[in-house]
Amino acid sequence: MPRRKAALPCHEPHADTDSVSMKLTKNCMAPWRAVEFLADGKISPCCGPIRGDFGNLQQDLPTLGAERGLFRNADYRKLRNALLTGDLPDACKQCRAVHEPDIPAEALAAKVAAYLEARGVPTAGEDLAGLYAFDECGGNITNRCNFSCIYCSHSGPDGHRGTLAQVMDQDFFMAVLDELVARGLQIFNFCGLGELTTYRHWQRLCQEIFARHPRLRLRLITNFGRKLDADELRLLTRFEIVQISCDTFDEERFAWLRTHGKLPVLRQNLENLLAATREHGRSPRIVFNVTVSNANVDDMVEVFRYAAGNDIHIHLSALFDMEGSITQGKAILGKIWEVSDAALLHNREVFIDLPRRALAANPSITCWEYRHLHDQIMSRADRITFDQFVPAEQEIFYSAFFSARLSNQQTYLRKIWLGFDDSIRGIWIAPGNRFVIPLPAPSARLSYRCHTVRTRVDGTLILAQGESRSAHVGKLLTVSAPRGGDVDHFLEITGYTPEESLPPLDEIVLENGASVPAGYHAVRESADSSGVERIAAHFAASQEPLIIWCAGLKTLQALSDTRLAEANISMIVDSDAHKHGQSICGHVVQSTERVLECDHPILILHASEPRRIEQQIRTMGIENELLIP
C-alpha cells in the first residue's frame, strides 16, 4: 500500500518546496506521539536534553485542547517545525535515542500525517506543528529518589532538594492521566528522576489506575533499592514492563556507581519478583537497565548470563552525565569508545559478544538501545581493523591474519555463538572474496572446517557446519570463496602445527554452499531493536508477499513509522476474534486459520511474547518462514 504524502507545515513561509523536501531531518516522531513530565509538572517532549518552555501541567492543564494551549505552545510548535524542515536544534542533532538514518523532511511529514490520521486526527489543511496524538507518556508522581547514582542529578550538591524533592498531588496526577487516556493514551511509564516505590501511597495509586483504566499499559523504571513485600511484588506482576537499573553484579562497584544502593537488596527483590510471576501466572517483561561505561564494561558478563537464564531483557544506555551530577565535566567515568586503541578493540569484542552470547542461550530476549552504542564503537574501531576479536597468542593462523591486516568489510575475524559459553571462532568470507596470508612456518599441517552461512532478513544466521579437513601449507596460502549464491563462508581453524612434510598446498578454495538448508542451525544474532525497520525496508524493496501476525499497537506503529506500509502485505491476522473484520491501515484483520492457505513469510509483531506466538504457530502445523524482529 503506497504511503500517503502529507503537506508541509503551512504556518510559516518556506523556501521553495523542493528545497525543503530535499533537506534531511531526524527520523523522529516523539513530539507528536509521546510526552514526559516531572513531579513538579514540567513538561518535556522527549527523553533528550531539549531546551525550551514546553509548558507545565500544574498551570496549563486547563488549556488542554485550546489552539495555543497545552502541547501546542510556541516552543512545542517550534520543535515540531524544526523536525519538519530539518532546521534542527543541537540537542536533536546529537540525539542518542533516535538510531535510524536521517530522512527527507517531506518523508517525516508524510509519516507524521499517516500516524495522526491512523489515530483519528485529521491533517488535511492542518498545521502539523500544532497537532499531536500521544499514545505514550512517561512521568512520575515524585521526583524523590533513594539513590544518588554518580552520573545522575541526584548525586550533585543540589540532589534531593529543590525540584528533586517535588511530589505531585495524587488527585491531580489522576486528573492528568484521565485527560490523556481520554485522548488515546495507551502506555504510561513511571520514569524520570524519581523512584516510584519511595512514594508512600504508590500501591494505592497504581491500584486506582488499574481500576479506572484497565486497558492502560503500565511500565516502571525502578532501582529496586528498598526491600519490597509480597503485596508490592504482586502488584508489580500486573505491569507490562518492569525495568530494573543494574549496571553490574559486583557489589563494591554497584555501591560506588549507585550511591546508597545495595546489590543484595536488588537481587532479593528480583528473585522474589520472578517467584511472584510464577505464583500469580502473570509475566511482566523484566528488563535490566544497564548504563555502560569504562567502569563496568568487564563486569557485564554476569548480568547478561543471569538475564539469559531468567528471560530478562537488556536495555543498554550510553554513559551520559546529567546536569548537576558529580561526574559532570569530570574524568570520573568514561565512554567505552573514548579509550586507547587497544582498549577499544577489547571493548568492541566484549560489547559485540555479550548480546550474541545471551541470544544464543535464550533467543527470546532482546537488547534495547543496542544500536547506538554498537555504532559508536564500530565507527571508531573499524578505522583500526574490521576484525571483531583479537586472537590469542596460541591462535597462530588467526594471529597471522590479524597481524597482516587482511581484514575488510567482507573478510574479517569474528565469532558465532552457539551458547553462552560456546562459540566458533573463524574468518568470515563473503562470496567472491579471497586473501593471501603469510604464515610463520615453511611447512605445517592445517586443520580446518568450512561452514556456510545464510543471513535471514531478521538477522538470524542459518548455519550449516562443515566437516573437519586438513592440508599441508607453506609460507603463503591463498583462501578464496566462490562467487554467487546467497551464503557467506566461515573458515574455522582447528589446528596449525609446523612439520616437515609433502609439498604444501598453495590455495584452499572453499566449496559453494548455495544450498544451505533453511532452519538447519538457526543462530539469532540481531540484538538491537531495529529489526522491524530492516525487515520493512527489505520487503518494501522486494515486494515479496508478507503476512503480519498480530494486529496490535506494535503493528500499527510499524505501519506508521517504517516502510512496512509499502510492503506487499498479503494479510494481517490475529488470534483475537474481536479484532477480526477490523481495519488497520487499510488491511482487514483476519483469522489466523487463513495462514494455512499460503506459504508466505510471517512477520511476528507481538509486543511482549513473540516466542510464545512462534510456538503457537508451529503447534498449528504452519511451516512458513518466521521473522521475529
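Are helix 7 and helix 8 roughly parallel or roughly antiparallel to each other? Helix 7 and helix 8 are roughly parallel to each other, a term for angles under 35 degrees, whereas angles over 145 count as roughly antiparallel, 65 to 115 as roughly perpendicular and the rest as oblique. The model is a predicted one, in which local features need pLDDT of at least 70, side-chain atom pairs count only at pLDDT 80 or more, and totals for chains, interfaces and linings use all residues. Residues are numbered from 1 along each chain as its sequence is written, and side-chain values use heavy atoms, with hydrogens and water left out.

**The chain as a whole**

- The protein chain contains 18 helices and 28 strands; these are DSSP runs numbered from the N terminus, with helices being H or I of at least four residues and strands being E of at least two.
- The C-alpha trace spans about 90 × 55 × 55 Å along its principal axes.
- Of the 629 residues, 55% count as buried, where buried means under 20% relative accessible area, exposed means over 50% and partly exposed lies in between (1.4 Å probe, protein chains only).
- Among contacts with a separation of 6 or more, 73% come from residues 24 or more positions apart; contact means heavy atoms within 4.5 Å.

**Helix 7 and helix 8**

- The axes of helix 7 (residues 170-182) and helix 8 (residues 202-212) come within 11 Å and cross at roughly 30°; axes are lines fitted to C-alpha atoms, for helices over the stretch in contact, and angles run from 0 to 180 degrees between N-to-C directions.
- Helix 7 contributes Q170, F173, M174, L177 and D178 to the contact, and helix 8 contributes R204, L205, E208, I209 and R212.
- By class, the contact of helix 7 with helix 8 has five nonpolar, one polar and four charged residues; Ala, Val, Leu, Ile, Met, Phe, Trp, Tyr, Cys and Pro count as nonpolar, Asp, Glu, Lys and Arg as charged, and the others, Gly among them, as polar.

**Helix 12 and helix 13**

- Helix 12 (residues 300-309) and helix 13 (residues 341-361) have axes that come within 9 Å and cross at roughly 20°, so these helices are roughly parallel to each other.
- Helix 12 and helix 13 also make a right-handed crossing.
- On the helix 12 side the contact involves M300, V301, F304, R305 and A308, and on the helix 13 side L354, P355, R357, A358 and A361.
- This contact of helix 12 with helix 13 has eight nonpolar, no polar and two charged residues.

**Helix 4 and helix 6**

- The axes of helix 4 (residues 74-85) and helix 6 (residues 105-118) come within 7 Å and cross at roughly 125°, so the two helices are oblique to each other.
- L83, L84 and T85 of helix 4 meet A105, L108 and A109 of helix 6.
- The contact of helix 4 with helix 6 has five nonpolar, one polar and no charged residues.

**Helix 15 and strand 14**

- The buried residues of helix 15 (residues 396-403) are F397, Y398, S399, A400 and F401.
- These buried residues pack against several strands, including strand 14 (411-419), strand 15 (422-429) and strand 16 (434-438).
- Just after helix 15, R405 takes a positive phi of about 55°.
- T411 is part of strand 14 and counts as buried, at 1% relative accessibility.
- Beyond residues up to four places away in sequence, T411 touches F401, L406, I427, W428, I429, N433 and F435.

**Buried loop residues**

- F224 lies in the loop between strand 8 (217-222) and helix 9 (230-236), has a positive phi of about 50° although it is not a glycine, and counts as buried at 2% relative accessibility.
- C550, in the loop between strand 23 (545-549) and helix 17 (553-561), has a positive phi of about 105° although it is not a glycine, and is buried with a relative accessible area of 8%.
- N56 is located in the loop between strand 3 (43-44) and helix 3 (57-60) and counts as buried at 15% relative accessibility.
- Leaving aside neighbours within four places in sequence, N56 is in contact with D40, G41, K42, I43 and L61.

Note on methods. Left-handed = near helix turned anticlockwise from the far one by under 90°.
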